[in-house]
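Please read the following points alongside the sequence and the coordinates.

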Amino acid sequence: METIGVLMTFPMNSYLEQELQRRFNLLRFWTLPEKSVFLEAHRNSIRAVVGNATAGADAELIDALPNLEIVASYSVGLDKIDLGKCREKGIRVTNTPDVLTDDVADLAIGLILAVLRRLPACDRYVRSGKWKHGDYQLTTKFTGKTVGIIGLGRIGLAIAKRAEAFSCPISYYSQSEKAEVNYKYYPSVVELASNCQILVVACALTEETRHIINREVIDALGPKGILINIGRGPHVDEPELVSALVEGRLGGAGLDVFEHEPEVPEALFGLENVVLLPHVGSGTVETRMEMADLVLGNLEAHFSNKQLLTPVV
Ligand code: 8YV
């Protein structure tokens, strides 16, 4: 398979990069200053694209590669891939579901605790020596709080399971009610937000879910409510979120993703009720290795005419 051209869009994992280099003719897109010149030269040899949540395969890239057969994403999210274009052209698409579910759900709970119990601020309090002059202020209890989840897929369900262990009543919003769960269903995000204390975004980013967190939802969650986003930045109307937090119209937020990441609104930096993470939901050694193995397994399967491990298209 050493002659098969594989275009990697972004530096995502060194083990994956090494293995792709060993097994295929790996081309590193991010190292090239003149991308269009490069594509002109290599367009015929590239048969696979390996992308991630930062750089996938848009219509322009797909159209530039006449022999593209497969897009193997090092992510569960598919929002950076033009799926319609792939379907139209018969290009296969794979992602990395399941292997990252636990990590992302763990992180959602970590963010809830970090916001409610002010963990980063407490840590800063100890390090700065302030503890010697008095105890840290009281914080807010997590156990028993009502948790609303947007999107009850694999990750949403895993978050619900964990929150249940904290005795939290669970409710959710998704496109349709799920027969297999006993959690309370709300047919709109505003209704869900009005009826929970902690609102967690765990759905896929699509045209329908872009800005699913808008001013109305933020107001429904209210000055004691907490927003947790482990989905995608564009799920949230970020300027609305920032002004709600700055003005005290929302109780707090735990954010792993941002609308224009790695740019993060500086207005959030001084707020103790906000915890900011650099998109690390799946970022453990163990999980990233499993994600890399899935990408490799899917490519090997495709080019050996075997069944894909995790096909999307
Ligand atoms: C990654 C992700 O952070 O799976 C997703 O959808 O957002 C991620 O796990 C990313 O693709 C790593 O490069």
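1. K89 counts as partly exposed because its relative accessibility is 40%, where partly exposed denotes the range between buried, under 20% relative accessible area, and exposed, over 50% (1.4 Å probe, protein chains only). The side chain of K89 meets that of D63 in a salt bridge with an N to O distance of 3.0 Å, a salt bridge being a side-chain nitrogen of Lys or Arg within 4 Å of a carboxyl oxygen of Asp or Glu. D63 lies in helix α3 (residues 59-64) and K89 in helix α4 (residues 83-89), so the pair ties together parts that are 26 residues apart in sequence; helices here are DSSP runs of H or I with at least four residues, and strands are runs of E with at least two, numbered from the N terminus. D63, at 38% relative accessibility, is likewise classed as partly exposed.

2. On the basis of the values: this is a predicted model, in which local features need pLDDT of at least 70 and side-chain atom pairs count only at pLDDT 80 or more, while totals for chains, interfaces and linings use all residues. Residues are numbered from 1 along each chain as its sequence is written, and side-chain values use heavy atoms, with hydrogens and water left out.

3. R154 and D98 also meet through their side chains in a salt bridge, at 2.9 Å from N to O. Since R154 belongs to helix α7 (residues 154-165) and D98 to the loop between β5 (92-94) and α5 (101-116), the pair ties together parts that are 56 residues apart in sequence.

4. Within helix α1 (residues 14-23), R22 and E19 are three residues apart, about one turn of the helix, and they form a salt bridge whose closest N and O atoms are 2.8 Å apart. R22 counts as exposed at 55% relative accessibility, whereas E19 counts as buried at 13%.

5. The search of the whole structure finds 18 salt bridges, and a network of them links R215, D219, E240, E247 and R249.

6. At the ligand, an oxygen atom lies 2.9 Å from an N or O atom in the side chain of N52, and an oxygen atom of the ligand is 2.7 Å from a polar backbone atom of Y74. Taken alone the ligand exposes 340 Å², of which the protein buries 90%, with accessible areas from the Shrake-Rupley method and a 1.4 Å probe; for residues, only the protein chains shown count as cover.

Note on methods:
Polar contact = N/O pair within 3.5 Å; in protein donor to acceptor, adjacent residues only side chain to side chain.
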